[in-house]
Amino acid sequence: MDMKSVEKKWQTKWEKAKLNNFNKKDPDNKLYVLEMFSYPSGAKLHVGHWYNYGPTDSYARFKKMQGKNVFQPMGFDAFGLPAENFAIKSGIHPKDSTEKNIATMEGQLKAMGAMFDWNAEIKTCEEDYYKWTQWMFLKLYEKGLAYRKEAPVNWCPSCQTVLANEQVVDGACERCGTTVLRKNLTQWFFKITEYAEELLSGLDTLDWPEKTKSMQRNWIGKSTGCEIVFDCESGDEIMVFTTRCDTVFGVDYVVLAPEHPLVEKLTAPECKEAVDAYVLNASKSNEIERLSTTREKTGVFIGAYCTNPVNGKKIPVYIGDYVLYSYGTGAVMAVAAHDERDYAFSMKLGLPVTQVITKKNGEETVLPYCEDGILINSLQFDGLYGEEAREAIASYLTKIGKGSKKVNYRLRDWLVSRQRYWGAPIPVVHCPECGAVPVSEKELPVKLPYDVEFKPDGKSPLAKHDGFMHTKCPRCGKPALRDPDTLDTFVCSSWYYLRYPDSKNDRMPFDPEIVNKMLPVDTYVGGAEHACMHLLYARFFTKALRDMGYLSFDEPFRRLVHQGVILGPDGNRMSKSKGNVISPDTYVETYGSDVFRLYLMFGFSYTEGGPWNDDGIKSIAKFTDRIERLVQQVKDVTEQPKALGAAEKELSFVMHSSIKQITRDLENFSFNTAVARLMEFVNALYKYNTETADRGFLKECVKTLVLLLAPFTPHMCEEFWEMLGGKFSIFNERYPVCDESALIKDEIEYAVQVRAKTKCKVMIPTTASDEEIEALVKGIPAVADAIGSNPVKKCIIVRGRLVNLIV
């Protein structure tokens, strides 16, 4: 079969018939299947794209054949840093390179034969999309969910520019190799922490992989404890959060984050030089490095003291880079006797260790002892244990006004400012008189100018564009400046699933009436690497828009499936630098897109992936050739099936068993086992296909095979269906349904044994009684010879398996 011409033929027919278009008149029967849209950073689709889109499209086609009104849109997550970096290196404008890549990828996606509804296509870099991304910002601002504050960024002192985390390699700038520093800048945040508890509890309602839900739970990081106030000699207060307030009598020192604002104020003159040096050194490490459990704990004394509120003990104040100002209160109370990290810090600096907990059973307590135990050296609380001790001490701290119970979350507000060009401009104007003023909705979009200088020189690219920056204040009308930053590209992808069902709307981002019928997404497919960013941000957007009255549902994605990762042949992630990138183009050119798609589904467990190996693709091509030969052999058959004989019943059993298992496997995205079932069915068809075969029955079975195979190889099966006399399109046919009665066999094969030694195998009617079975097997010559003149003492029957005669 000439797959090139076959693919072109059916893609043309699908497009002309608008076969892939969603029927908007039947939203009640909708099934919204969505793959995470791709970033057009490369010129062509790679194996990873194919692995995401091909098998998921097969699932969507399967559901269409089950009668669902499938909505499967496609678009491009088109803003982002790679295009801007490419512009810096090559001089090619991000808009030009992105549009060119999108055009190439559109053609490849269509050539794949996927059932995408291109009428709903979106591109996040186009004005008709990012206008509404800016609208989202304004709505969050109105609700108090967008705000500005100072936050640390990666700063290259040589390039004089802010770097994304991806541009920092081993603590140095990827462009020039200079050590990167942490520097505070005023930036915009989304208050995702406002939804921390709901983001946590909502996970219980979702059909998502447990590992992903666990990752989000850990990322949100709920902990219940107590806030405690330590008074400083200067009159300032240090607030700490702890889950172990039962250890408060054992506090040996307090540690502030190096970037804590009290550090500069509390540092004694004689300690300033050492403290400043430590703060500078800490600024060279990112948060992941500072929190590493294998990193040595360091710190310096700042020359200040505070007072333990429960016993009046004078406590030294240190700074340590293992404490982050952005998490909790930016300060911790150190109890060396009962915390491994604090114990290591104390041992290194020779600090005291005060034990306040002992084992319950009286055994020797080896420090650091971090489990619950009986309080000692804790005044009136001595003898209390665990939760009882924590409750009593928390109540006491509340009573004396030095603390209270508190629920804390590891989740931090989402920093959305980017000192980059290729993104949606932040729709805010900064006025000397009025401060930060949001742009009016009627002035949207704030357009991204084309003529921008990209070369890094310490300024945001937009800040250097006078025509963009200079404007008038929306409130007072006086001269003002636009915000020079752009929005994090995750903002664009946090609501795109809402735009697809109403992508041409120029009056609003989406019509709530339409979206509330179409959402949530029924099945969402994409990489597990997005567990704690995109997936969390999309959930936040959905809940915020719900509370604004635009949405009537709580979660964006009802079911989530993660595809695995196709590694290079060497077992490593594919990358150009390693030279292990596999392009699908050669395989598609040689075998066609259907065979390549089928191989991806058969060669890998979909949710696991694995190293690339093309050894089996020729076998898949031969498998499809076997099916074509069957189709050719029966396509001209005109006779009708006769009454089913034993051979027909056996084939019917295999066929309906295959239907049942393939349907189950497709529902579970277990494509490799589904293809294996298809292969078993094909083998059964070849076994049956003899001179005595009922040709009419065989043709009906081959037609069922083609229907089963259609979601896996769409072009090929359209061709087969036409050859078999079927009407266009095969995807308007119903997917085969298992006839459970066909799985009930009239006869079952039994092994017949005499004294536990197998003598023969025989087919026995399923309706036969034990007496009838015994009489039947005794009459078999081989069995009669084995029994001889010996009386049968006992007949053991294991239904459906064996008969054992004891003589």
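Reader: Is Arg 244 buried or exposed?
Author: The model is predicted. Buried means under 20% relative accessible area. Arg 244 has 17% relative accessibility, so Arg 244 counts as buried.

Reader: Which residue forms a salt bridge with Arg 244, and how far apart are the closest N and O atoms?
Author: The partner is Asp 246. Asp 246 is buried too, with a relative accessible area of 0%. The closest N and O atoms of Arg 244 and Asp 246 are apart by 3.0 Å.

Reader: What separates Lys 272 and Asp 276 in helix α9?
Author: These two form a salt bridge, with the closest N and O atoms 2.7 Å apart. Lys 272 is partly exposed at 45% relative accessibility. Asp 276 is partly exposed at 39%. Both sit in helix α9 (residues 272–282), four residues apart, so the separation is about one helical turn.

Reader: How many residues apart are Glu 441 and Lys 139?
Author: Their side chains meet in a salt bridge, N to O 2.8 Å. Glu 441 lies in the loop between β20 (435–438) and α13 (466–469). Lys 139 lies in helix α5 (residues 127–142). The pair links distant parts of the chain, and the separation is 302 residues.

Reader: How many salt bridges does the count come to?
Author: The rule needs a side-chain nitrogen of Lys or Arg within 4 Å of a carboxyl oxygen of Asp or Glu. By this rule the total is 47.

Note on methods. Residues are numbered from 1 along each chain as its sequence is written. This is a predicted model: local features need pLDDT of at least 70, side-chain atom pairs count only at pLDDT 80 or more; totals for chains, interfaces and linings use all residues. Side-chain values use heavy atoms; hydrogens and water are left out. Helices (H or I, at least four residues) and strands (E, at least two) are DSSP runs, numbered from the N terminus. Buried means under 20% relative accessible area, exposed over 50%, partly exposed in between (1.4 Å probe, protein chains only).
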